[in-house]
Amino acid sequence: MELDANAFGRSARKALLDKTLQEALGRTTGRFVAHRDAAVAAFPEFEATRERASRIKRDVLDHLDTYLARFIGEAEKRGAIVHVARDPAQAREIAARIARDEGVTLAVKSKSMAAEEISFNEALQGAGVTVVESDLGEFIIQLAGEAPSHIIAPAVHKTREEISRLFERHLGEPRTDSIPELVGMARKHLRAKFLSAGMGVSGGNFLAADTGSVVLVTNEGNGRMGTVLPRVHLAVVGIEKIIPRMADLPTFLRLLPRSTSGQTISSYVSILTGTRRPGDPEGPERMHILLLDCGRSAILEGKYREILKCIRCAACLNACPVYQSVGGHAYGWVYSGPIGAVLTPLLVGLPEAAALPDASTLCGACADVCPVKIPLPDFLLELRSDAREQGLKTPGEIAAMKGYAGVMKRAGLLEAIERIAGVLGQFFTKGKGIGGMPYPFSGWTERRDFPAPAARPFRKRWKIKRGVMR
Amino acid sequence: MTYTTGMDPKEPIPVSLFFTCLADAFSPGVCGATVEVLERFGATVRVPLSQTCCGQPAFNSGNRKEARAMARKFLRSFPDDGYIVTPSGSCAAMVKHGYPVLFRDEPRMLARARAVGERIYELSQFLVDVLGVTDPKSDFSGKVTYHDSCHLRRGLGVVEAPRKLLRAVPGVEFVEMEESDRCCGFGGVFSVKYPQISCKMTERKVERILATGASYVTSGDLGCLLNIGGLISRIGYPVKAIHLAEILAGKTAGRWDAG
């Protein structure tokens, strides 16, 4: 997916003015938050479970090489072919080669953020393969020629009117505002694709190291149909999705659907282990697992290791007031919201995405809901500090900070400045708020007043009333 | 150490006031109100006059070199014993949680920062958790709603203390707003870097405040109140943003009006 993260400010302003988007965002994030909160409230073991999940993931990250080797061994023992891609370019090469070698011309794909990371569809199209998105949301945005704006609800920014218009234009269907009818149209169109596709492509929510299984957690059934009907199954998964044992899966299944949509369990949980064995009624004849490093082992070695605990539930997006205000596209890459503000700079490089860590008030709502206890606000702060160290801050900001720190060195100097500002402020505003400030505070006062400094700061009042020594 | 409410404790309770640079410059009345409330419950208030800013704006914007200099200055300004109380959840959280990050590679400073972090309290937290205040003895009256500042609620875990105090003021009709724990959009440097998003969030906050029909919105952080109050004053809504300390001080807050 094309990277445009540093345009966050501009894209966000555009999003704020987009009425349709605002309406859709308000409706859906509100619903997600309410459902998630209700599901967590009805699950008293939530805290203990997220603590356990966090511990399991930490153990995985501490011994990732061992668990990966185990996973690869177990998966290959069961007939899967495992590939590891160092970077997106290599991942695209491998994916295209698999499709070519398997003689695939049509692939059905269920949703995968990992696949977005490597621009999977473009890679296959380059190899002459038609890729059809089979997740309803992904299907819609593929028709619209857009990128997903939410991890689990990729078309969250589209209204049913827009969707009906797309179906009319691309599928020749009549206009309707009935959601079941729209779903029926997509299903009819997709069913034919499922039956003729040579390859099904999926992501993976978990990889169980002790059985070599790929676990898919979905609601629409397209994931299962796409992975068992076609002759070939290709799973594209980040290396951090490993869990040590199949027995750990229930811990994560208790957390993921609740955090995502407020469901106690998703409609489908598919555990895909190896190729079809003699006597199996269904399953792929060939199974490829493409594991993505793509920057992950570099993250593993540094101070942001815990970001790799993420299970992509999107609870942090839904809870984030900034995401709620601007939606996912403003973040300019695959991942949005607080997880995107941390993960994007780490995966693509901070210079390419330094605007994102600033896109947060540090309110902490994300850390409150994270089911694996990732300290997102701490990481945002850490990235802002890295930006300074890597010389990515504007000279203006650094000069302002140095000036401000210089004043704060001496209370006497601060008081003198406060008193001058107080006199000027009171003179010009007559004690009311300031309606217009110069850059860089001009944005602040566009729709808000800025307070006028007091004529006499507290320090002075205290000295007058109580004396210096008290 | 818990003191019985309403009784003059035998031992004076030494409290150093960390008045915050924001209140010092923009709302000195809030600092005065804090002094009044602390003294009402037996504290001997000291005001270290060399204090300036805890360094939070620099820390939050990633400018740690400058933040560290301010943190050192803060640690030098305050005495080595007694409580430190501040009318700001955000500034208290900075000292408690931010300083250990700033000094993580300096063991001696880290130990000092942690020790100070143990002694620092936000006002409502100090009144309820340390002094055991159940009746703030305030003569304030009006319909009040409360905004949870993010750093007071999530940073310090203070949720109930301010509500308990507000409910205990006889003249206060306390009413909860919806989404009281949703960020008001201030975020310090955030409101300067992304003012349009910030404003969008503030507008939603003000909508929730207006829906309560309260005459006052209060909070434990002046940053939020300046932000919310700035929008209220621009439009001219019939509600006033006022600091919790001013409600608790009631009429005695007027003693510091010498502006």
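**View 1. Contact between domain 1 and domain 2 of chain B in the predicted model**. In this contact, 32 residues of domain 1 of chain B meet 28 residues of domain 2 of chain B. Domain 1 of chain B covers residues 13–129 and domain 2 of chain B covers 135–256; their centres, taken over C-alpha atoms, are 21 Å apart. On the side of domain 1 of chain B that touches domain 2 of chain B, at least two residues each come from helix 1, helix 2, helix 3, helix 5 and helix 7 (123–130) of chain B. Helix 2 of chain B gives the most to this side, nine residues. By class, this side of domain 1 of chain B holds 14 nonpolar, 14 polar and four charged residues.

**View 2. Packing of helix 5 against helix 6 in chain B**. Helix 5 (residues 89–102) and helix 6 (residues 107–119) of chain B pack at an angle of about 170°, and their axes lie 8 Å apart. Angles over 145 degrees count as roughly antiparallel, so helix 5 of chain B is roughly antiparallel to helix 6 of chain B. Helix 5 of chain B contributes Val95(B), Lys96(B), Tyr99(B) and Pro100(B) to the contact, and helix 6 of chain B contributes Leu110(B), Ala113(B), Arg114(B), Val116(B) and Gly117(B). The contact between these helices has six nonpolar, one polar and two charged residues.

**View 3. Side of chain B that touches chain A**. Here 54 residues of chain B are in contact with 53 residues of chain A. Helices that each supply at least two residues of this side of chain B include helix 4 (64–77), helix 8 (150–155) and helix 12 (222–235) of chain B. The largest share, seven residues, comes from helix 11 of chain B. This side of chain B divides into 26 nonpolar, 18 polar and ten charged residues.

Key. Residues are numbered from 1 along each chain as its sequence is written. Chains are lettered from A and ligands numbered from 1 in the order in which they are written. This is a predicted model: local features need pLDDT of at least 70, side-chain atom pairs count only at pLDDT 80 or more; totals for chains, interfaces and linings use all residues. Axes are lines fitted to C-alpha atoms, for helices over the stretch in contact, and angles run from 0 to 180 degrees between N-to-C directions. Helices (H or I, at least four residues) and strands (E, at least two) are DSSP runs, numbered from the N terminus. Angles under 35 degrees count as roughly parallel, over 145 as roughly antiparallel, 65 to 115 as roughly perpendicular and the rest as oblique. Two residues are in contact if their C-beta atoms, placed from the backbone, lie within 7 Å. Ala, Val, Leu, Ile, Met, Phe, Trp, Tyr, Cys and Pro count as nonpolar, Asp, Glu, Lys and Arg as charged, and the others, Gly among them, as polar. Domain bounds come from an automatic or database domain assignment.
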